[in-house]
Amino acid sequence: MGDSARLDRRRLLTAGLAAGGAALATRAIGAGSEPAITEIQDWNRYLGEGVQSRPYGIPSEFEANVVRRDVEWLTASTESSVNFTPLQDLDGIITPNGLCFERHHAGIAEIDPAQQRLMINGLVDTPLVFTMEDLKRFPRENRIYFLECAANSGMEWRGSQLNGCQYTHGMVHCVMYTGVPLKTILQEAGIKTNAKWVMPEGADSSAMTRSIPLDKALDDCLVAFKMNGEALRPEQGYPLRLVVPGWEGNMWVKWLRRLEVGDMPWHQREETAKYTDLLANGKARRFTWVMDVKSVITSPSPQAPVTHGKGPLVISGLAWSGKGRIKRVDVTTDGGRNWKTARIDGPSLPKALHRFYLDIDWDGSDLLLQSRAIDEAGFVQPTKNELRLARGENSIYHNNGIQTWHVKADGAVENVEVS
Ligand SMILES: Nc1nc2c(c(=O)[nH]1)N[C@H]1C(S)=C(S)[C@@H](COP(=O)(O)O)O[C@H]1N2
Ligand SMILES: [Mo]
């Protein structure tokens, strides 16, 4: 332990990250004084469980607090509700399948894949019905994308409210999808020249219908059957869901059973077919499909306080944009007076989460942490006040404002706002 700690310190020093000669606060230990090393532990004594004791693996019992959580007062029932990804406990850019937030309007549909059908009808040359087996015979693609509910951070429009990034930002997940391009399926049926919209429909009892402009449908949408290599989870639409990269989550229809091609979208036929953003003047923003550039510091954060005292501190977070890659993330520790460029580590993929780090030497004083993302299209994440000036305070959807965490001397962290 001493050796590896020394090695880490050397690495920090050579990397120039531990400015001012600070080092990891390693305890100097004399040989024989560290019981975890010198004494035989329980787990040294017994023969462990063999293979096949866990045919489908689950995390260590010591990780039992890493779970999706809901906010009881938020919705009237759990069937038409939402829970949140525990972003504060995760690293990298991929969300494990069992931790992807869930949003459903009529509970989880449990569908036998042998009974699953996908119908394509409307303005097509040949209406078709596919089985899962049919779909798996088309050439497929693997793509990593984030999915964010348009209501993510919606509770924070009027002021800081929920104490944890799980609740303020946890309606986002990012997995690798395996599926067939929607374009392939549409071309198989043959699109008529007057077609303008593709309208997916879900098989759950909410029969979710959404309207997707044909251009987007032919661009990068997928009809996906796998996430992170395994079958979709029932919560995520098993056995088939639509993937609409960079666009708001409600369009990613789960338990997908039908694609209607049309010249007029659902939202011109029915009242409720899409979300709108209510502005201060009572008007509504009608089409807000793309999820704008956004970021959040996931650690430290209210559910991930600093427990090790001053010295080296890893500040880490996530950034994403529906318009492409993240070009840069800036982090401030003083509420926006000074900004430093964070280090993006791991893949930088369009319309996927990006992981960033700022490694600092914390002097133990109060911090006001914020992150600000800039995407490759040149958009800069706004402050919450800039957003309110532009959109008023009646919105629920599309809050991509800069989040502030107050780190206190004792390491506790709180959700605050600075003006
Ligand atoms: N069939 C169906 N699809 C659906 C929904 C639904 O209730 N039923 N909810 C939508 C909403 S509002 C969101 S944000 C995403 C959430 O996807 P997830 O549950 O995989 O996180 O699914 C969308 N697709
Ligand atoms: Mo959503």
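Where does ligand 1 sit? In this predicted model, ligand 1 sits in the largest cavity.

## Surroundings of the ligand

A shell of 22 residues surrounds ligand 1. The closest of these residues are Phe101, His105, Asp204, Arg241 and Lys254.

## Polar contacts and cover

In the side chain of Asp204, an N or O atom is 2.8 Å from a nitrogen atom of ligand 1. His173 has a polar side-chain atom 2.9 Å from an oxygen atom of the ligand. With Arg103 the backbone takes part: a polar backbone atom of this residue is 3.0 Å from an oxygen atom of ligand 1.

On its own, ligand 1 has 540 Å² of accessible area, and the protein covers 100% of this area.

## Cysteines

A disulfide is a covalent bond between the sulfur atoms of two cysteines. How many disulfides does the count come to? The count comes to zero disulfides.

The cysteine sulfur closest to that of Cys100 belongs to Cys174, at 8.9 Å, and this is too far for a bond, because a disulfide requires two cysteine sulfur atoms within 2.5 Å. Cys100 has 0% relative accessibility, so Cys100 counts as buried. Cys165 likewise counts as buried, because its relative accessibility is 0%.

Key:
Residues numbered from 1 in each chain as written. Chains lettered and ligands numbered in written order. Predicted model: local features only at pLDDT ≥ 70, side-chain atom pairs only at ≥ 80, totals over all residues. Heavy atoms only, no water. Near = heavy atom within 4 Å. Polar contact = N/O pair within 3.5 Å; in protein donor to acceptor, adjacent residues only side chain to side chain. Areas by Shrake-Rupley, 256 points an atom, 1.4 Å probe, with all protein chains shown as cover. 1 Å grid on protein atoms, 1.4 Å probe; cavity = no way out; pocket = protein on both sides within 12 Å on 5 of 7 lines; lining within 4 Å. Sits in = over half its atoms within 2 Å of the grid points. Buried < 20%, exposed > 50% of the residue type's maximum accessible area, 1.4 Å probe, protein only.
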